[in-house]
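Subject: Structure for you to look over

Hello,

Here is the structure I promised. Please open it alongside these notes, which go through it piece by piece.

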Amino acid sequence: MQIIEEIKKNELVKNPSEIQKICLEKLKLNPLPNIKSELWRHSNKSKFLSFLDYSHTKKESKVNFPYDNASQNVIRFTIGENSSINLKEENYSIRKLKDSEIFDYIKKNISDFDQTDHWSDLLNHCLSSKNNILGLNISGNKIPPIEILSASSYNSFNAKTLILFFEKNCEANLLQINLGDKNSSLCQSTYLCLEENTSVNHGVVSYGKNKSNLLNSLNVIQKAKSEYSLSSLHFKFNYARFEIRINQLDGDAETNIKGIQITKNEDQIATYTKMQFNGPNGILEQINKSLADDKSHSVFEGAIVVPKIAQKTDASQLSRNLLLSKHAKIDTKPQLEIIADDVKCKHGATISQLNKEELFYMRSRGLTLEEASKLQLSSYFQEIISCIPVSKDRWDLLDKLLKEA
Amino acid sequence: MQSKTKEFNPILEVNNLFASTENLPILKGVSISVKPGEIHAIMGRNGCGKSTLSKIIAGHPSYTITKGEIKFTGQDIQSLEPEERAQSGIFLGFQYPIEIPGVSNLEFLRVATNARRKFLKKEELDTFDFEDLVKEKLDLVKMDSAFLSRSINQGFSGGEKKRNEILQMALLEPKIAILDETDSGLDIDALRVVASGIKKISNEKTGIILITHYQRLLDEIKPDYVHVMSDGQIIKTGESDLALELEKHGYEWTDNFSKKQ
Amino acid sequence: MVSENLVKNVVTEPYKYGFVTEIETEKISKGINEDTIRLISEKKEEPEFLLNFRLNAFKKWQKMKEPCWADLGYKEIDYQDIIYYSAPKQKEKISSLDEVDPKLLETFDKLGIPLTEQKKLTNVAVDAVFDSVSIATTFRKELAEHGVIFCSISEAVKDHSDLIKKYLGSVVPSNDNYFAALNSAVFSDGSFVYIPKGVKCPMDLSSYFRINSGDSGQFERTLIIAEESSSVSYLEGCTAPMFDTNTLHAAVVELIALDDASIKYSTVQNWYAGNEEGVGGIFNFVTKRGKCLGKRSKISWSQVETGSAITWKYPSCILLGEESVGEFYSVALTNNLQQADTGTKMIHIGPKTKSTIVSKGISAGNSVNSYRGLVKMGSKAIGSRNYSQCDSMLIGDQAAANTFPYIQSQQPNSEIEHEASTCRISEDQLFYLQSRGIEFEEAVSMMVSGFCRDVFNQLPMEFAAEADKLLALKLEGSVG
């Protein structure tokens with residue numbers, strides 16, 4: 001628990017910022033999340049400890065995007081590489097947030113963060129130095145795809161923060177890539193604020209190498225008439241947690257969440273989502289798919305909260321799980337908390353293996369069991385992967401990665 | 001037997017076959033032998049075991065053979081996987097072709113065709129050559145090429161699913177085709193299309209088993225033999241006029257037949 | 001349709017079982033300690049093994065903490081302010097029903113459960129429990145002819161101690177949870193059922209629980225054993241008078257089914273729920289669990305939960321035997337300030353086990369209605385299947401409905417399917433019924449009972465009727 005020791009001894013950061021000071025204070029008293037709470041009880045303790053067992057103090061190595069951008073017009077950022085950004089084009093503009101804007105925003109947020117619900121973000125803000133916070137204000141439309149890379153370095157613990165403000169009427173495609181190096185832990189916190197009438201298509205692709213760990217926290221605030229689509233893919237992690245909190249501040253917005261997690265070997269990947277409707281006429285469509293093989297453990301917990309004010313909410317959540325090995329384990333808990341009476345909410349969950357009738361059909365046409373399974377698996381993922389905003393020429397990479405996975 | 005010429009050896013022989021699923025016996029001693037060029041029809045009420053017989057021949061894992069044997073071109077196929085049976089030339093046209101969302105029909109057809117071609121030691125086809133082949137076969141069943149880009153059977157009407165089955169049969173060029181209620185759910189025009197497709201695909205080397213309730217498919221494709229099945233057994237075998245009698249008298253008529261026949 | 005007629009019959013009285021029977025009772029003093037337990041055991045003339053069972057449980061209970069569920073809010077219970085034994089004063093030994101205090105017989109008469117020979121229900125054997133003791137059990141002789149044992153658990157302790165020794169606590173261990181431990185320490189009475197090998201119980205068996213005194217807790221214990229190839233249908237009903245204090249009810253029910261045996265356990269729970277302001281009512285913290293020990297055994301729970309201020313109850317099945325079957329059918333209705341946290345656990349251990357869960361929650365007023373369920377496929381549960389369906393209906397804009405399904409699988413060759421939905425009574429549906437001349441409240445009742453149809457179909461006839469009636473009664477005034 002190197003990180004925790006460093007927090008306790010207060011020797012993490014040489015000149016802590018005010019934010020870091022506040023968060024260090026909050027964590028010093030009680031540095032670990034309550035592992036008995038619903039959000040943490042499935043976490044494999046030794047894996048969680050191994051996530052904490054890297055030092056923060058090392059110098060980070062430079063990481064490149066996993067593919068080049070020769071053929072297409074994209075806007076790229078790597079969190080931690082301090083480039084000055086000020087793009088002003090005919091249809092859109094992207095500018096870096098001022099330090100004060102970032103400070104105000106995080107400070108406002110952490111004031112009501114608590115140990116259980118937002119431990120990941122508190123940890124992140126403790127450790128994420130000014131240099132490792134990327135804040136952007138994005139407005140306009142016809143923006144080229146934005147790609148943001150966050151990565152951890154070999155044998156270390158890295159914390160990165162991303163804050164994106166999407167101004168009114170903005171339309172954007174965003175791809176976030178989280179790369180885990182060998183023996184490393186990445187703690188990524190992301191905040192997205194969607195103003196009225198924005199439309200954001202957000203892809204998250206996270207994958208690691210041998211013994212990579214990831215704590216990925218995503219906080220999204222949606223104002224009225226905004227549309228937010230998230231498509232995520234997490235695989236190849238020794239331990240990964242993906243926490244998604246989405247708040248439809250005034251309702252009347254659309255949220256679409258699609259996620260895939262693939263676990264092999266002894267991996268543990270867990271996804272937690274909390275969808276909060278704070279106004280009427282909100283829409284949610286969510287599907288989470290997981291595949292667990294070997295001795296791995298896959299967890300999904302999803303909560304949909306519909307208070308009285310959120311009349312005419314229409315929410316659906318589906319958790320589909322494939323269990324491919326008798327040593328693997330799946331836990332899933334889709335949950336509804338509803339007070340408004342004029343709502344349509346449903347959720348569903350299935351755990352099964354590949355559909356035998358479908359396999360037989362394909363085999364009766366001469367496909368081998370392996371070929372048929374592959375076709376079935378790729379169709380299982382297709383629905384979600386096809387939504388990730390990745391341009392066609394980079395698709396090969398994703399395809400290749402998935403085949404390895 | 002040994003002295004006969006090769007053509008007269010049966011393609012498919014089912015000998016005194018007993019089979020069950022979840023400890024429930026379904027087939028109780030079925031025998032049938034199909035020679036090249038022959039068309040057999042199996043008729044019977046729902047639940048008599050017709051579909052089970054077809055699935056067992058294709059190697060469905062839910063059924064266990066408790067007694068008897070199935071020989072395909074002289075070889076016992078009990079130990080063969082479903083795909084090995086398909087590759088070697090056994091084709092099952094499903095009564096209810098399953099929908100497989102997300103899996104492209106074209107890709108599926110290509111992989112299946114190449115698996116069969118590989119078995120036949122023919123050259124495997126790349127995407128372009130395969131598209132040419134498949135378009136040629138589409139005409140046989142009067143299908144639009146738009147079906148190729150859709151997921152397997154997903155959102156297909158009953159008739160479209162059945163045509164898709166026959167399209168697969170055309171591509172795989174089986175030695176024996178077992179068509180399980182290929183006529184059900186088809187209007188008369190669609191039935192003619194499917195029947196003419198079957199006739200064009202089959203030749204003097206192909207064996208066909210038609211599983212059906214009704215005479216109307218047999219009006220289009222005249223069978224050489226008609227078998228009546230009841231409670232897991234074939235209780236009567238005759239020529240094509242047996243089907244007409246059945247149509248006239250209904251299945252109650254067959255209740256009087258001795259099961260030992 | 002049955003339900004329509006029933007709804008018509010509904011009377012407008014709020015809780016018609018709310019009366020108190022004036023009867024002299026024997027109570028022990030408030031509070032719990034080792035002496036209390038010794039005293040209870042002594043009063044019941046129990047063998048030593050049972051006293052030890054109780055003392056052991058008490059020790060464990062003292063070390064345990066009261067569970068704290070996020071979704072149940074209630075005032076702290078003072079366990080020293082409860083009377084753990086209360087019994088109507090009667091003659092020392094009662095040899096026939098004629099010797100039972102007429103006031104007690106009258107009470108059960110009023111509750112619609114006549115016990116006397118002339119009036120008793122014709123097709124149901126009843127064990128009537130009043131506060132801490134069993135008053136009478138009907139049809140004993142007839143049942144004995146078939147070898148069926150149906151008596152109070154106190155009698156069983158004396159007459160069938162080998163069975164009690166073998167099975168008591170074998171499904172719900174005394175340290176299973178806080179309330180089960182408390183029950184194991186102080187349980188007073190309850191029913192015992194034993195169905196011998198190959199016997200199909202000739203009539204439905206039923207226990208009727210009545211809490212009468214306001215300051216005593218009710219801790220009954222039920223044990224049902226179905227031997228190989230036997231079957232039984234068991235019904236349980238409960239009511240309590242209206243008091244403005246809360247009464248604790250912490251029961252334990254254990255079911256055991258051996259090879260090819262089947263147990264059907266149905267409950268209509270109508271404890272006093274408190275008034276509209278949430279004052280008074282029963283705290284219903286119950287542990288019910290069945291063990292499908294034998295191959296192809298089956299345990300089926302059906303419940304209609306309408307009463308109690310707070311309900312905390314998860315009738316469960318442990319599916320050990322190959323091809324055993326667990327079922328859970330539930331309707332939970334909450335109104336006013338009631339809180340219900342109910343559901344089931346289906347633990348699949350043996351291969352080819354099957355379970356079905358159908359839960360219907362209806363929340364009205366300011367109530368909170370939660371489904372909490374666990375489906376677990378153990379690593380040996382090859383070829384097992386579960387199907388769950390949880391539907392909630394919300395009436396009014398202050399009520400809350402929560403669904404918390406916990407699903408866990410370690411067996412790839414098994415299938416779990418869970419579906420849940422939330423709905424309200426649609427205006428179009430209401431309008432359609434009203435346009436055919438059906439009164440508003442009646443239309444609502446019809447829709448609610450339609451919503452619960454899948455579950456009511458599982459209940460024995462008399463119970464289904466009662467359940468329908470109850471729902472209509474409970475919903476009175478909650479709409480419009």
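Strand β7 of chain A, residues 171–179, is mostly covered, with 7 of its 9 residues buried. Bear in mind that this is a predicted model. β7(A) pairs with strand β5 (residues 146–151) of chain A. That pairing is parallel and runs over 6 bridges. Within it, Ile148(A) has Gln176(A) of β7(A) as its bridge partner. β7(A) is also joined to strand β9 (residues 199–207) of chain A, by 9 bridges. These two strands run parallel as well. Here Ile177(A) stands opposite Val205(A) of β9(A).

Next, a helix pair in chain A. Two packed helices are described by the angle between their axes and the distance between the axes. Helix α6 (residues 356–363) of chain A packs with helix α7 (residues 369–385) of chain A at about 125°, and their axes are 9 Å apart. The crossing of α6(A) and α7(A) is right-handed. From α6(A), the contact uses Glu358(A), Leu359(A), Met362(A) and Arg363(A). From α7(A), it uses Leu369(A), Ala372(A), Ser373(A), Leu375(A) and Gln376(A). By class, the contact of α6(A) with α7(A) has 5 nonpolar, 2 polar and 2 charged residues.

Now the interface between chains A and C. In it, 29 residues of chain A are in contact with 29 residues of chain C. On the chain A side, the elements that give two or more residues are β18 (329–338) and β19 (344–352). β18(A) gives the most, with 10 residues. The chain A side divides into 12 nonpolar, 8 polar and 9 charged residues.

Which strand of chain C pairs with β18(A)? It is β23 (residues 400–409) of chain C, antiparallel to β18(A) over 6 bridges. One of the bridge pairs is Glu337(A) with Asn402(C) of β23(C).

As for chain C itself, it has 12 helices and 24 strands. Of its 480 residues, 57% are buried. Take the contacts in chain C between residues at least 6 apart in sequence: 83% of them join residues at least 24 apart.

In chain B, look at the open sheet. It has 6 strands, in the order β6-β9-β10-β3-β11-β12, and the pairing is mixed. β6 (90–93) and β12 (233–238) of chain B stand at the edges. Each has a single partner strand, so one side of each is left without a neighbour in the sheet. Ignoring direction, neighbouring strands of this sheet are turned by 20° against each other on average.

The partner of β6(B) is parallel to it: strand β9 (residues 176–180) of chain B, joined to β6(B) by 4 bridges. Leu92(B) has Ile178(B) of β9(B) as its bridge partner. Helix α5 (residues 158–172) of chain B lies across both β6 and β9 of chain B. α5(B) runs at about 170° to β6(B).

Last, helix α1 (residues 50–58) of chain B. Is α1(B) covered or uncovered? It is mostly covered, with 9 of its 9 residues buried. Among them are Lys50(B), Lys55(B), Leu53(B) and Ile56(B). Gly59(B) follows α1(B), and its phi is positive, near 95°.

Best wishes

Terms used: Residues are numbered from 1 along each chain as its sequence is written. Chains are lettered from A and ligands numbered from 1 in the order in which they are written. This is a predicted model: local features need pLDDT of at least 70, side-chain atom pairs count only at pLDDT 80 or more; totals for chains, interfaces and linings use all residues. Axes are lines fitted to C-alpha atoms, for helices over the stretch in contact, and angles run from 0 to 180 degrees between N-to-C directions. A crossing is left-handed if the near helix is turned anticlockwise from the far one by less than a right angle, and right-handed if clockwise. Two residues are in contact if their C-beta atoms, placed from the backbone, lie within 7 Å. Ala, Val, Leu, Ile, Met, Phe, Trp, Tyr, Cys and Pro count as nonpolar, Asp, Glu, Lys and Arg as charged, and the others, Gly among them, as polar. Two strands pair if DSSP finds at least two bridges between them. A residue is buried if 20 or more other C-beta atoms lie within 10 Å of its own, exposed if 12 or fewer, and partly exposed in between; C-beta atoms are placed from the backbone.
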